[in-house]
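Q: Can we go through this one together? I'd like to start with the interface and then look at single residues.

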Amino acid sequence: MITPHHFLALSGVLFLVGAAGVLVRRNALIVLMSLEIMLNAANLALVAFSRMHGAVDGQVAVFLIMAVAAGEVAIGLAIIVNVYRLRHTIQVDALTSLKN
Amino acid sequence: MSHLGYQIAFWIVAAVAVLRPSPSFRSVIRSRARSGWSGPFFATAAAFLMLNAPMVAVFQILVYAGAIMVFIIFVIMLINLRPQELIETRVRAVRGGAILFGVVATAAAFIGAIVFRGGAPSVGASFGQVETVAQVLYTRYAFAFEVLSLLLLIAVIGAVALAGKKDFTKE
């Protein structure tokens, strides 16, 4: 039998997938997508808790997170486009001007 | 939905959500782009439906598959990457350990879910519908909602400011 706990476990695994993507991938666009997957995992956890307690507060929090995610993507993609114009690459390894 | 059907649906959703988000960049450039990258987002939307949150599920599809994915595909086309940019580069040193960690963590998570499972309260048909969620959103969380509108306004201004810069090389 599937309970909300299973969805919580799924959300944990999904968060790991996103975190691994952020750490391992070197393409800025895919890093951004992995960030979105992590936010999605948090949303799934909130909805699972909301179902577990029979209160819709968690679902309201999901709306707030979605709006933040949309704003983050808008700014993030604008930054990526500008970085590409400036450096002609979006590999995060190539962006080292703050390193030393 | 019957117990068995619900169970099968859950494992399909879980498989799509976890296994889908590893597209190579080449497949993104091809027309498979949206089906490949939207996989986890659609799977999460299905999970929301299964958790009696239909309104959140609809917004998930609208916002992620509709807005964010289109936006990302648009940027991929806009910056028009050359072929040498598309070569997949990953950190390979930690690969074995990462896969092992992933398998162990997945197993631990689901064993934990089975061991600590508790029944969820039964909810009425209105749970998660537009009216119920909106009532809480516009009363208890009205302030957060207003702050959010301010945040989106700032994001719009920031995006326009970033896009409006003329020439970086001459600064």
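Q: What kind of model is it, and how are residues and chains labelled?
A: This is a predicted model, in which local features need pLDDT of at least 70, side-chain atom pairs count only at pLDDT 80 or more, and totals for chains, interfaces and linings use all residues. Residues are numbered from 1 along each chain as its sequence is written, chains are lettered from A and ligands numbered from 1 in the order in which they are written, and side-chain values use heavy atoms, with hydrogens and water left out.

Q: How many residues of chain A and chain B are in contact?
A: On the chain A side 63 residues are in contact with 78 residues of chain B, contact being heavy atoms within 4.5 Å.

Q: And what area do chain A and chain B bury between them?
A: About 6,400 Å², with 77% of it on carbon and sulfur atoms. Buried area is the accessible area (1.4 Å probe) that two parts lose on being put together, summed over both.

Q: Which three residues supply more than any other three of the area that chain A buries?
A: A:Met33, A:Arg51 and A:Phe63, which supply 10% of the area that chain A buries against chain B.

Q: How many residue pairs are in polar contact across the interface?
A: The rule finds 5 residue pairs, both residues at pLDDT 80 or more. A polar contact is a pair of N or O atoms within 3.5 Å; within protein, one must be able to donate a hydrogen and the other to accept it, and residues adjacent in sequence count only if both atoms are side-chain atoms.

Q: Which helices of chain A supply the side that touches chain B?
A: Helix 1 (4–24), helix 2 (28–53) and helix 3 (57–87) of chain A each supply at least two residues. Helix 3 of chain A gives the largest share, 23 residues. Helices (H or I, at least four residues) and strands (E, at least two) are DSSP runs, numbered from the N terminus.

Q: What is that side by class?
A: It has 42 nonpolar, 15 polar and 6 charged residues. Ala, Val, Leu, Ile, Met, Phe, Trp, Tyr, Cys and Pro count as nonpolar, Asp, Glu, Lys and Arg as charged, and the others, Gly among them, as polar.

Q: How many salt bridges are there over all chains?
A: The structure holds 1. A salt bridge is a side-chain nitrogen of Lys or Arg within 4 Å of a carboxyl oxygen of Asp or Glu.

Q: Which residue forms a salt bridge with A:Asp57?
A: B:Arg140, with the closest N and O atoms 2.4 Å apart. A:Asp57 lies in helix 3 of chain A and B:Arg140 in the loop between helix 7 (130–137) and helix 8 (142–164) of chain B, so the pair joins two chains.

Q: Is B:Arg140 buried or exposed?
A: B:Arg140 counts as exposed, at 57% relative accessibility. Buried means under 20% relative accessible area, exposed over 50%, partly exposed in between (1.4 Å probe, protein chains only).

Q: Next, chain B. How many helices and strands?
A: Chain B has 8 helices and 0 strands. Of its 171 residues, 32% are buried. Among contacts in chain B between residues at least 6 apart in sequence, 61% join residues at least 24 apart.

Q: What is A:Gln59 in contact with?
A: Leaving aside neighbours within four places in sequence, A:Gln59 is in contact with A:Ser50, B:Asn52, B:Ala53, B:Val56, B:Phe127, B:Gly128 and B:Val133. A:Gln59 is in helix 3 of chain A and counts as buried, at 0% relative accessibility.

Q: B:Asn52 is on that list. What is its phi?
A: B:Asn52 has a positive phi of about 55°, although it is not a glycine. Most residues other than glycine have a negative phi. B:Asn52 sits in the loop between helix 4 (39–50) and helix 5 (54–79) of chain B, and is partly exposed with a relative accessible area of 27%.

Q: Back to chain A. What does A:Ser34 touch?
A: Not counting residues up to four places away in sequence, A:Ser34 touches A:Gly18, A:Gly21 and A:Val22. A:Ser34 lies in helix 2 of chain A and is buried, with a relative accessible area of 6%.

Q: And where is A:Gly21?
A: A:Gly21 lies in helix 1 of chain A.
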